[in-house]
Amino acid sequence: MRLVCQKDHLAGRLAAVGRAASTKSTVPALANVLIEADENGVVVAATDMELSLRAPLEARVEQPGTVVVPKLAADIVRSMVPGEVTLEHNEGEGVVSLTGGSSSFALNSHQPGEFPALPAEDGSGVVLPADVFLSTADRVVRAASRDDTRPVLTGVLVRLEQDSVTMVATDSYRLAVRQAPLTSGPSQPQQAIVPARALAEAQRAIALAGADQIEVVLSQTSGTFRAGDVVLTTRLIDGQFIDYRQLIPEQFTHDLQLDRGELLAVLGRIAVIAQRNTPVRMALTEGQMTLSVVSEQFGEGHESIPVAFSGEDMEIGFNVEFLRAGVESAEGDTLRLGVISPLRPGLLRGDDDTFRYLLMPIRLNT
Amino acid sequence: MPDARPRVIAHLDCDAFFATVELLRRPELRGLPVIVAGNGPRSVVTTASYEARAFGVGSAMPAATALRLCPHAVVIPPDHAAYSEASRRVWARVGTHLDRLQRMGIDESYADLTGTPRPVAVLRAAVADVLEATGVQLSVGLGPSRLVAKCCSDVGKPAAFTAMGREEAARRFASAGVRRLPGIGPRSAERLAAMGIHRIGELQAADPDDLARRFGERWGRALHALGWFHDDSPVVTDPGPAKSVSSEVTFDEDITDPAAMEETLGHLSERLEGSVHRGGRRGRTVAIKVRLSDWTTVTRARTLPGPVDDAATIARVARTLLREYAPPLPVRLLGVRLAGFVDEAARAPAPGLPDPAGQMSMPADHPGNMSAM
């Protein structure tokens, strides 16, 4: 195989697709990027068996063929001088040569046969405007769990309905739900648990492709996301997602209106001395909310903001980072915080009900 | 005042615990025979998945033997930090259902349910919730004592749920070997065998006076009571954060090679690191325990200028202590202990709380009905 390509384009594509390559796998070929050149064009692809990414490469094919190059080829190409880069491989040889300007590299390569077959790219799906997809995914992905012992929670529930898309994620300490309207949803509802990492990569793919829409195909076991000419396929997570609607209380003892920017600024200040797992203490008294943090190591800080609170004083503790993430993710200038009691979850909502963030409290000692 | 209510004691045991934790992390190995074992020449199987057990592989078997029995088994090196973390999650979860809990090592506990209404339903709910929340299957034995409960949880594993009274246990286990009884180790078993006692039924039939002559008054009578499944030992609930954390290993054969001993200290230190990390605890005192072939047991400790929690430092101090002691005889047991924890009260998770520092989590017993829509 022999192909010639613009340096920046090749470096960009190798790096983008290489994100799916696995550095930890026991199958060495998975740490590589596959380049396939035939009469239809050139495709670069990588996979760690969970997630695969592929994208076309604009190149002049002088001799068709298939090669695998290590992920670090992206770094090599990026550091070459601007201009054309030639990639060449003679069938049966264990090296791929990369030349550009006066630099020349011979990279040890795996046989293309060791590379796993990429998942079939089939079916048409639901097309979402890129901004709808991004703003929805962005607000929930962070709430997914990173703990592999409960696989379902490492995913995001994606539900497509005729007139809306809903994404839900929870790590069991907080739960984020966002719903956005759709004009061309599926006639029958579809849903799947998509690994959070895949959703994050799909967001990146939109940016990479400069796409203004993304097509989502959900099948029984896999999900495909097409953004422009970049295609991401992911294994779906098998299991039952928590019935989140059952977890969200319908009524709150106090439903407080807050200035989102102000609360965020206060949290930003006091979070500086809060360590991981330190609760922020939210004391609600007549007309006032006082947020305080006590750090054994650094000392303490507190700040009050006016709030329309009346009734019996109440104190509730939250993880400061979780709370801040929820306030950040809500939209609009005003924020509503619903609370029931110090041991019941609190609910954050933005201007409207499209985003809801349920947060479990931390038991306070006093 | 002693509690006059009939005692209800459960023994909860995680099925193939290490293997389960590995399978949760590597679902692609599900259904394959998996063995968790180190890769040293003397390494032993710490757990085997039920698929591997079907080939006759068992815990504590040398890894080499296991691989002869089951040559296509997938061997995974143990990751004690991950097991400690999974263990913490399992028992914290159990703690939300059962409050009088006594931890016995990483994968088993006793629970006292005396006076609890509908103990079976409570236990079944706990088992289902732990499985849902952590992926770990518990086996449960239920009886009037720790002894009966412990023997029951082994019956019908995996996912056992066995309850028996004392008399029934004495009858059902009569044909089992005496080693089945906790407290009877290889040495006692050997001495019983010398008296012609191999099975629990034979122990029951033995003359208590003979046993007392042979084993001493107290242990002899205790053995006889054990055979009849008499046990009134209490479930000692969690006394709060431990003052020290230790990890030790008894060798299959006594060892003399200093390099092997130092390597073992390294492994023990890593295991220790796993269990201190979860509470964010750091200790200032590192100690070693050495038991020689003649059962002399020696400990040596050193207090450091500042608290430590990393395996490398603990291992370095432990090795220095071992070199200074220079065991005069072959060694049958080595242990490493970390003590002198700083800011213990502030950092250690309170027992029974679902997560560190009181963070509450959502109930996981909502299986959801969304896919039905």
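## Strands, hairpins and selected residues of chain A

M282(A) stands opposite L291(A), a residue of strand β20(A). The model described here is predicted.

M289(A) has I305(A) of β21(A) as its bridge partner. A hairpin of three residues joins β20(A) to β21(A). How many of the eight residues of β20(A) are buried? Six of them are, so the strand, which covers residues 288-295, is largely enclosed by the rest of the structure.

### The open sheet

Another part of chain A holds an open sheet of five strands, in the order β5-β1-β7-β8-β9, with antiparallel pairing. Which strands stand at the edges? They are β5(A), residues 60-63, and β9(A), residues 103-108; each has a single partner strand, so one side of each is left without a neighbour in the sheet. From one strand to the next, the twist averages 20 degrees.

Strands of a sheet pair through backbone hydrogen bonds, either parallel or antiparallel. Between β8(A), residues 95-100, and β9(A) there are six bridges, and the two strands run antiparallel. Within this pairing, T99(A) has S104(A) of β9(A) as its bridge partner.

Helix α1(A), residues 7-18, lies across β1(A), β7(A) and β8(A). Its direction is at about 100 degrees to β1(A). β1(A) covers residues 2-6 and β7(A) covers residues 84-88.

The loop between α1(A) and β2(A) contains K24(A). K24(A) is exposed, because its relative accessible area is 78% and exposed means over 50%. A265(A) is in helix α6(A), residues 260-271, and counts as partly exposed at 33% relative accessibility.

V68(A) belongs to strand β6(A), residues 65-70. Is V68(A) buried or exposed? With a relative accessible area of 1%, V68(A) is buried, because buried means under 20%. Residues up to four places away in sequence aside, V68(A) touches N32(A), V33(A), L34(A), V96(A), S109(A), H110(A), Q111(A), P112(A) and F115(A).

S145(A) lies in a loop, the one between α3(A), residues 130-140, and β11(A), residues 155-160. S145(A) counts as buried at 11% relative accessibility. Again leaving out residues up to four places away in sequence, S145(A) touches L153(A), T154(A), T170(A) and D171(A).

### Separations in sequence and in space

The table pairs three of these residues with others in the chain.

| Residue | Other residue | Apart in sequence | C-alpha to C-alpha |
|---|---|---|---|
| K24(A) | D48(A) | 24 residues | 9.0 Å |
| A265(A) | R324(A) | 59 residues | 9.7 Å |
| V68(A) | A46(A) | 22 residues | 9.4 Å |

How values were computed:
Residues numbered from 1 in each chain as written. Chains lettered and ligands numbered in written order. Predicted model: local features only at pLDDT ≥ 70, side-chain atom pairs only at ≥ 80, totals over all residues. Heavy atoms only, no water. Pairing = 2+ DSSP bridges. Helix = DSSP H or I, 4+ residues; strand = E, 2+ residues; numbered from the N terminus. Axes fitted to C-alpha atoms, helices over the stretch in contact; angles between N-to-C directions. Contact = heavy atoms within 4.5 Å. Buried < 20%, exposed > 50% of the residue type's maximum accessible area, 1.4 Å probe, protein only.
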